[in-house]
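Please open the structure in your viewer and keep the selection tool at hand.

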Amino acid sequence: MDYGSVTGKVFRYLYTLRHLKPEQVLFQLYYRFRRAVRPVSYDAEVSVASAVETVGLRLAEFIAKPCTFQQGQYTFLNLSLAFPDDAVDWECMQYGKLWLYNLHYFDYLLQPDLEKEIGVGLIRQYVAALPSMQVGIEPYPVSLRGINWIKFLSLYGISYKDIDRLLYSQYHILSRTLEFHLLGNHLLENAFSLLFGAVYFGEYSWFDKSRKLLLRELQEQVLVDGAHFELSPMYHQILLDRLLDCVNLLLHNQRFSEQEKLLGFMREKAVSMLGWLQTMTLADGSIPHLNDATDGIAPSSEELFSYAQRLGLSVPESVLLSESGYRRYDRAAYTCIADVGKIGPDYIPGHAHADTLNFVLQVHGKPFLVDTGISTYEKNSLRDEERGTAAHNTVLVNSINSSDVWGGFRVGKRARVRVLEDDGDRLTASHDGYRALGVVHQRDWRFTDSDIVIADEVSGQPESAVACLHFEYGIQVEQRASGVVADGISVEFEGAEGIVLEPYQQAQGFNKRREAVCVKVRFSDKLLTSILL
């Protein structure tokens, strides 16, 4: 379908919106109406915090944040910006909204080398500037900033009435602007933070609201095999860190009678998430960059496992991957992770990619075939490219994405997967992402100690079918008559009508990319790829 035409645009919106939950639609309309009639204002809320009381929290050692602030210079997403002393531009959009959000998160309060006096000064500067801000009172940055402030204040035993009043006011705003219109990780972050606010201020109404949300959302968002349902290993790490923070909070601070049951539930979910992460973590300690995932954002798996152990939680050695749709195959020489699942939850696929039947491969503990990762959240052509099918180790048909990723964080028509065979040595699945073309893509992996054989078949005689293989940055790839040799490893193709080596940009983090090699193999209906190990 031509999504550039008026009719195409209408259908794209319909395909996208049809999956939303009624709750999302109702809250979208409600929040838009409320903003028009009575916008949320910090000035209007500050009076509720005239006589707040706090109790310093006791917390076990948590995960320190990376160093992003030094001598007036802030570095987020691999981009740095310096502000004059006592004159931070809290609405600076020079590097886009995600960079600005990071400025408002205040993660830097928890970096190892930050002096107490500097941290208090930054908070006071923020206190003075908040009445004129808009981004500052948005629920997502309020959620992350609230936890960071409470951890910092508790760490140093700080208790200043003006700071507590401002913090209470922000939580009062958060309690009324929870992101039900988005759901997913945003609402979960709101609930985690509201729990911190409830315990810090002894506010039962916030505890009750957060408790109900956490019971509901963790049950919904943590899948049977322990994966976070948005299927990004990076977001899994981020949310597991926050869940462990909440276990830490309730474990060491008794404030409410119902918190023991909540703590038990959160422990159970944390152990489940730890098991999935253990299974998805590769030999070098990294995670595969599947869906929205990259380096330098989330705590490492090792940090999370150590944190869990400090909290008395056992880390499972591994779990059986199931509902997440990922599968892992280990042999002496390699580890392969394949994706035969949904692209993500139907009603919130913002972090999903058009990568159905994708896979990554490590050989002798080092990356070999990789997911290209992400380097931006800006809504631009690069974001579209990094989410597109051609950026993943799967088959592109007629130069069309297998799922219609668009608008930065939206998905229209999406591929549906059928797993046909799944055992310890073989995995076969098909998807109908090209059903509008009358095409079905089926992929069969066979795993032995000495090789991996991948059979691709596309039905329906498409105009073109191209299998893409993205090699890790730094791997030397040479073309041969029937395939390629990459760092001494032969990859042979049977049924290829053309083999081309092209450069691609592998994401090394946000705003950081390096040139690597992609092998594109054109075929008609069947292709056999043998990776000889």
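Predicted model: local features only at pLDDT ≥ 70, side-chain atom pairs only at ≥ 80, totals over all residues.

**First stop: a nonpolar patch**

Select Tyr-13, Leu-17, Leu-20, Val-25 and Leu-29, which make a nonpolar surface patch of about 430 Å². Helices α1 (6–17) and α2 (22–37) each supply at least two residues of this patch. Leu-20 belongs to the loop between α1 and α2. With a relative accessible area of 30%, Leu-20 is partly exposed.

**Second stop: helix α4**

Select residues 97–105, helix α4. How many of its 9 residues are buried? The count is 8, and the helix is mostly covered. The buried residues are Leu-98, Trp-99, Leu-100, Tyr-101, Asn-102, Leu-103, His-104 and Tyr-105.

Next, select Lys-97 of helix α4 together with Glu-138, in the loop between α5 and α6. The two side chains meet in a salt bridge, with 3.3 Å from N to O. Because of where the partners lie, this pair ties together parts that are 41 residues apart in sequence. Lys-97 is partly exposed at 37% relative accessibility, and Glu-138 is also partly exposed, at 22%.

The model holds 39 aromatic pairs. In one of them, Phe-106 and Tyr-126 are arranged edge-to-face, with 5.1 Å centre to centre and 85° between the planes. Phe-106 lies in the loop between α4 and α5 and Tyr-126 in helix α5, so the pair ties together parts 20 residues apart in sequence. Both residues are buried.

Now widen the selection to Phe-69, Tyr-74, Phe-76, Phe-83, Trp-90, Tyr-95, Trp-99, Phe-106, Tyr-108, Tyr-126 and Trp-149, which form one aromatic cluster.

Select Ile-158, in the loop between α6 and α7 (161–176). Is Ile-158 buried or exposed? At 6% relative accessibility, Ile-158 counts as buried. Leaving aside neighbours within four places in sequence, its contacts are Lys-116, Val-120, Phe-152, Leu-153 and Tyr-200. Lys-116 is 42 residues away in sequence, yet the C-alpha atoms of Ile-158 and Lys-116 are 9.3 Å apart in space.

Select Arg-124 and Tyr-160: the charged end of Arg-124 sits over the ring of Tyr-160, 4.7 Å from its centre. Then select Arg-383 and Phe-409, where the charged end of the arginine sits over the ring, 4.4 Å from its centre.

The model has 28 salt bridges. One of them joins Glu-502 and Lys-520, whose closest N and O atoms are 3.1 Å apart. Glu-502 lies in strand β19 (residues 498–509) and Lys-520 in strand β20 (residues 512–523), so this bridge ties together parts 18 residues apart in sequence. Glu-502 is partly exposed at 32% relative accessible area, and Lys-520 is partly exposed at 26%.

Select Arg-435 and Asp-432 for another salt bridge, 3.2 Å from N to O. Here Arg-435 is partly exposed at 33% relative accessibility, whereas Asp-432 is buried at 15%. To finish, select Glu-421, Arg-426, Asp-444 and Arg-446, which are linked in a network of salt bridges.

Methods: Residues numbered from 1 in each chain as written. Heavy atoms only, no water. Patch = residues over 30% accessible without salt bridge, like charges linked within 9 Å, V, L, I, M, F, W, Y side chains within 5 Å. Areas by Shrake-Rupley, 256 points an atom, 1.4 Å probe, with all protein chains shown as cover. Salt bridge = Lys/Arg side-chain N within 4 Å of Asp/Glu carboxyl O. Helix = DSSP H or I, 4+ residues; strand = E, 2+ residues; numbered from the N terminus. Buried < 20%, exposed > 50% of the residue type's maximum accessible area, 1.4 Å probe, protein only. Phe/Tyr/Trp six-rings, centres within 6.5 Å; stacked < 30°, edge-to-face > 60°. Lys NZ or Arg CZ within 6 Å of the ring centre and 35° of its normal. Contact = heavy atoms within 4.5 Å.
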